[in-house]
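Subject: Structure handover

Hello,

Here is the structure you are taking over. My notes on what was found in it follow below.

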Amino acid sequence: MELIQRNTCFEGEQRIYQISSSALKGQTRFALYLPPQALKAQKCAAVFFLAGLTCTEETFVIKAHAQRLAAQLGLILISPDTSPRGENVASADSWDLGQGAGFYINATQAPWAEHYRMESYLVDELYPQLLAEFPIRDQAVGIFGHSMGGHGALTLAWKYPQKFRSVSAFAPICAPSECPWGVKAFSSYLGNDPVEWAQHDATQLLLQKGALFDEVLIDQGLADQFYSQLNPELYRQACEQVGQKLTLRQHEAYDHGYYFIQSFVDDHLQFHALQLQK
């Protein structure tokens, strides 16, 4: 784990690290915000943020303006990159597939399967390394994300509830099996088996596994230019069917971008801080 960049921010430190990943078969980076409490070796809750299509480990760090409240709440913020990177890593001519579009799954199809193992990287490599290296409280790790990263947060939370104890999302891809973004990614990364797709679809996982969390928070802009890809109503219906408490807040005039995230990120940090105290 190599420290690449360190900046003081609200009496804490915003850092960028580079590590070698066996799952991704190469170097990758993640951002880490340590609040002032963590710098004093106080055990803190931590929250993963998974960014969306075309983003990097720095997108949330720069655009979301989350560090001020994280410093007050004593929350460690973790933001990994969205895919493997490098000259030897498969890519595509389109922006919604390949590098910058890993979808937080383990690909099974060539040429993607060699490097595109974001799920294993996050839960089997990065997660335990962070718990070993930084003052993170036991049983106090949450996850949230935006768009493709919202899909990642909802699916990984349901697949690994022993690791993630709170979950929320901004404009998540709630049913990727039912939208062009998801169909393109899943058919490329996973092949054409709908049973395999269902293991990476937030709505299908919810229906399979039932209610696992005290509450899920989702914010969705009603002026979102990608609304037709996101299907929040399908997720709401699934929550009602299995008895999962969901707070789905829909906001007039807000689009899909980071001005939307800035507007409500404090609510998500407070939500996770409260859930992780339980």
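Two strands are taken as paired if DSSP finds at least two bridges between them. Strands (E, at least two residues) and helices (H or I, at least four) are DSSP runs, numbered from the N terminus. This is a predicted model, in which local features need pLDDT of at least 70 and side-chain atom pairs count only at pLDDT 80 or more, while totals for chains, interfaces and linings use all residues. Residues are numbered from 1 along each chain as its sequence is written, and side-chain values use heavy atoms, with hydrogens and water left out.

The sheet

On those terms, 9 strands form an open sheet with mixed pairing, in the order β1-β2-β3-β5-β4-β6-β7-β8-β9. The edges are held by β1 (2-9) and β9 (246-251); each has a single partner strand, so one side of each is left without a neighbour in the sheet. From one strand to the next the twist averages 20°. Angles here run from 0 to 180 degrees between N-to-C directions, and axes are lines fitted to C-alpha atoms, for helices over the stretch in contact.

- β2 (residues 12-21) and β3 (residues 26-34) are antiparallel, with 9 bridges. Gln 18 stands opposite Arg 29 in β3. The hairpin of β2 and β3 has 4 residues between the strands, and Lys 25 there takes a positive phi near 55°.
- β3 also pairs with β5 (residues 75-80) in the antiparallel sense, over 4 bridges. Ala 31 has Ser 79 in β5 as its bridge partner.
- β4 (residues 44-50) and β6 (residues 136-146) run parallel and are joined by 6 bridges. Here Ala 46 has Val 141 in β6 as its bridge partner.

Two helices pack on the sheet, where contact means heavy atoms within 4.5 Å. Helix α10 (residues 232-242) touches β8 (216-221) and β9, and its direction makes about 155° with that of β9. Helix α11 (residues 258-277) touches β4, β5, β6, β7 (167-170), β8 and β9, and its direction makes about 155° with that of β6.

Pockets and the cavity

The search used a 1 Å grid over the protein atoms alone: a cavity is a set of points where a 1.4 Å probe fits but cannot get out, a pocket is an open set with protein on both sides within 12 Å along at least five of seven lines, and lining residues have an atom within 4 Å of a point. Grid points are joined across faces, edges and corners, and a volume is the space filled by probe spheres set on the points. For residue classes, Ala, Val, Leu, Ile, Met, Phe, Trp, Tyr, Cys and Pro count as nonpolar, Asp, Glu, Lys and Arg as charged, and the others, Gly among them, as polar.

The largest pocket has a volume of about 200 Å³. Of its 13 lining residues, Arg 165, Ser 166, Asp 214, Gln 275 and Lys 278 are the closest to its centre. The lining has 6 nonpolar, 3 polar and 4 charged residues.

The second largest pocket has a volume of about 160 Å³. It is lined by 14 residues, and Cys 9, Gln 14, Val 61, Ile 62 and Gln 67 are the closest to its centre. Two or more residues each come from β1, β2, α2 (59-63) and α3 (67-73). By class this lining divides into 6 nonpolar, 5 polar and 3 charged.

The count is 1 cavity of 30 Å³ or more. The largest cavity has a volume of about 50 Å³. Among the residues that line it are Gln 14, Ala 31, Phe 60, Gln 67 and Ser 79. β3, α2 and β5 each supply at least two lining residues. The lining of this cavity has 8 nonpolar, 3 polar and no charged residues.

Aromatic pairs and backbone

Rings of Phe, Tyr and Trp (its six-membered ring) pair if their centres lie within 6.5 Å; planes under 30 degrees apart count as stacked, over 60 as edge-to-face and the rest as tilted. The count comes to 21 aromatic pairs. The centres of the Trp 181 and Phe 226 rings are 4.9 Å apart and the planes are at 45°, so this pair is tilted. Trp 181 is in helix α6 (residues 180-190) and Phe 226 in the loop between β8 and α9 (227-230), 45 residues apart, so the pair is one that links distant parts of the chain.

Ala 110 and Pro 111 are joined by a cis peptide bond, with omega about 0°. Pro 111 is in the loop between β5 and α4 (118-133). Gln 139, in strand β6, has a positive phi near 60°.

Regards
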